[in-house]
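Trainee: Could you show me how to read helix packing and pockets in a model like this one?
Mentor: Gladly, let's look together.

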Amino acid sequence: MSQDQRLNPFPDRVVTDLRARIADGRWPLGRLLTYADIQQMYGFSRETVAAALTRLRDAGLVETRRMGTRPRVAGKSWPAVTGTSIQDEITTHVRDQVSRGVYGTGDRIPSLEALAAEYSVSVATVRRSLSPLLDEGVLIAIRPRGTFGADSSADVV
């Protein structure tokens, strides 16, 4: 047993319980894991949850594709858009909403805070997600009023 394990036995508790959930099917293959959900479930810090997930990753029970993707229970093939981060998913979702007309020209999209709450991510992640859409002219930011759908018929320079 390492010194870290003696000082903080909590990751062991989380690992033991999560292994049992994976083994008995309560957490099926491919299930998305979030730090927030696990923290709430056990009442431990993010660092403790991260240590537990690292041990599960080392054991091959949990996998991630790249930085920014949420861990999943290993064993099920990933969706066709493998390796997409939550940031990419938000960008794609907002782009789809604009193209389908949910957010038309001049329509205000939800605030950064509202989108962050919807996706269970930080405001900074949402801001980075919207940046390509602002650069492409899909959205326009008008401070301090908010972010709006841009005129899709206008030429973007």
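Trainee: Which helices do the buried residues of α6 pack against?
Mentor: Helices (H or I, at least four residues) and strands (E, at least two) are DSSP runs numbered from the N terminus. Buried means under 20% relative accessible area, exposed over 50%, partly exposed in between (1.4 Å probe, protein chains only), and contact means heavy atoms within 4.5 Å. Here the buried residues of α6 pack against α5 (86-99) and α7. This is a predicted model, where local features need pLDDT of at least 70 and side-chain atom pairs count only at 80 or more, while totals for chains, interfaces and linings use all residues. Residues are numbered from 1 along each chain as its sequence is written, and side-chain values use heavy atoms, without hydrogens and water.

Trainee: Which residues of α6 are buried?
Mentor: Leu115, Ala116 and Tyr119. They lie on the same side of α6 because they cover an arc of only 105° around the axis, taken from the directions from the helix axis to the C-beta atoms. The face turned away from that side carries the exposed Glu113, Ala117 and Glu118.

Trainee: And how do I read a pocket?
Mentor: Rolling a water-sized probe over the atoms shows where empty space is left. A pocket is an open set of points on a 1 Å grid over the protein atoms alone, where a 1.4 Å probe fits, with protein on both sides within 12 Å along at least five of seven lines; lining residues have an atom within 4 Å of a point. The second largest pocket is lined by 16 residues, and α7 gives the most, with three.
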